[in-house]
Amino acid sequence: MEKIRDKVLAGERITASEAMKLSSEGDFYELGFLADAVKKRLHPEPYITYVIDRNINYTDICISACKFCAFFKAPEDEGGYVLTFEELGKKIEETKALGGTQILLQGGLHPDKPLEYYEDMLRFIKGYDIHVHGFSPPEIHHFSGLAGLPVREVLKRLMKAGLDSIPGGGAEILSDRVRQETAPRKCTADQWIAVMEESHNLGMRTTATMMFGHIETMEERLEHLTRVRDLQDRTGGFTAFIPWPFQPDNTVLSHLPKTTGFSYLKMLALSRIFLENVPNIQASWVTQGPKIAQVSLFFGANDFGSTMIEENVVAAAGVGFRLTEQEIRNLVEEAGFEPRQRLMNYTLV
Ligand code: SF4
C-alpha cells in the first residue's frame with residue numbers, strides 16, 4: 001500500500017492490480033486524500049467548473065430494452081414520443097435564455113428513422129447557434145447499421161450537419177459479460193470504443209462515462225477504466241470522465257440495492273487516481289444530491305457537471321434532485337471554491 005501511495009503522490013500511473021488493492025484495502029479517507037492530490041496536481045486553480053446545458057431526449061422509443069433503463073418505450077408500447085423540430089426549437093430557446101451554451105442531445109434507438117432525419121435535426125438545431133453534444137456511441141452504431149454505412153462515414157455526415165462533440169453515454173460497463181446480461185441488443189464494448197476512437201481521429205472531443213453498481217464486479221469496473229485509459233493514450237480525445245451509480249427504481253433490476261454515497265465516493269476517487277491521463281472528472285449531483293456532490297470535490301472531482309435544465313433518464317428511475325445555476329454556484333462556494341462556467345471543451349466562459 002505504501003508503494004502504491006508513493007506512486008500516486010509522485011504522479012505515476014498505477015496498474016489495475018494496484019487499483020484493486022487500493023479499492024479493497026485502501027481506507028476511505030486515504031482514497032479521498034490520494035484522489036485530491038491527483039486533482040490538485042492536474043487542477044491547481046482555485047475554481048470548480050460547471051456547464052449550463054439541457055438534456056434533450058428527442059425520443060424515448062427504443063429497440064434496445066436495456067434492463068437498467070427506466071426511460072425507454074418499446075416501439076409497440078403506447079405513449080412513446082418523438083419531439084417535433086418545433087418542440088426542439090422551443091427547448092433550445094429556453095436554454096439560451098438561461099445562459100446555456102450547449103445541449104446534450106440523446107435518444108432511444110429508434111427502429112426506423114433514417115440518417116437524413118438526424119442530419120436535418122442537426123442542421124435545424126445549428127440554426128440556433130448552440131453547441132451540440134450529441135448521439136452517444138450506441139446511437140451512432142445504430143444509425144450506421146440502419147444506413148448500411150461505416151461508422152466513420154456516419155460520423156463525417158453528422159459532423160458536416162453540425163455535430164460538435166459526443167457524450168460518453170451508453171458505456172455502462174465496458175465488459176462484454178455485463179453488456180450481454182444487461183443490454184444484449186446494444187453495441188459491444190469494442191464497438192463503443194471504436195466509435196469513440198473514430199470520433200477522436202476525426203477531430204471531435206468526447207466524454208466517457210461509467211454506470212456502476214449493478215451486476216458488475218470490481219474487476220469489470222477496472223476493465224472499463226483500463227479501456228478508457230488505453231484509448232486516451234492513443235488519441236487524447238476524452239475531455240472528462242463521469243462515473244455515476246446505477247439507479248434501480250422502475251427498472252428490471254429494481255431488486256438490486258442502491259449504491260451508497262460512501263461507495264460512490266470511493267469509486268469516484270479510484271477513477272481520479274487511475275485515469276491520470278483524463279484531465280477532468282465530474283461529480284454526479286443528479287444521482288447523489290447536493291451534499292455528496294460537495295464532498296466529491298475533495299474525492300477527485302474538479303467539475304460540478306451540468307445545470308441540467310431538463311433531465312429525463314435519471315428522473316425516470318425516481319431520482320428527483322434539481323439544482324439551478326445559482327444553487328450550484330452556492331454549493332461550490334460553500335465548499336471553498338470559486339464557481340466558473342465553462343464550455344464543453346473546458347474553456348471558461
Ligand atoms: S439505456 Fe438507451 S439504449 Fe438502453 S433502453 Fe434506455 S434508451 Fe434504449
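In β9, Ser306 is the bridge partner of Val51. Strands are DSSP runs of E with at least two residues, helices are runs of H or I with at least four, and both are numbered from the N terminus. The model is predicted: local features need pLDDT of at least 70, side-chain atom pairs count only at pLDDT 80 or more, and totals for chains, interfaces and linings use all residues. Residues are numbered from 1 along each chain as its sequence is written, and side-chain values use heavy atoms, with hydrogens and water left out.

Now widen the view. β1 and β9 pair in the parallel sense over two bridges. Two strands count as paired if DSSP finds at least two bridges between them. Strand β1 covers residues 47–51 and is joined to β10 by four bridges, again in parallel. Within β10, Glu338 stands opposite Tyr47, and Gln341 stands opposite Tyr50.

Together the strands form an open sheet of three in the order β9-β1-β10, with parallel pairing. Its edge strands are β9 (303–306) and β10 (338–341), each pairing on one side only. Neighbouring strands of this sheet are turned by 20° against each other on average, direction ignored. Axes here are lines fitted to C-alpha atoms, for helices over the stretch in contact; angles run from 0 to 180 degrees between N-to-C directions.

What lies across β1, β9 and β10? Helix α14 (residues 325–334) does, running at about 140° to β10. Contact means heavy atoms within 4.5 Å.

β1 is mostly covered, with four of its five residues buried. Buried means under 20% relative accessible area, exposed over 50%, and partly exposed in between (1.4 Å probe, protein chains only).
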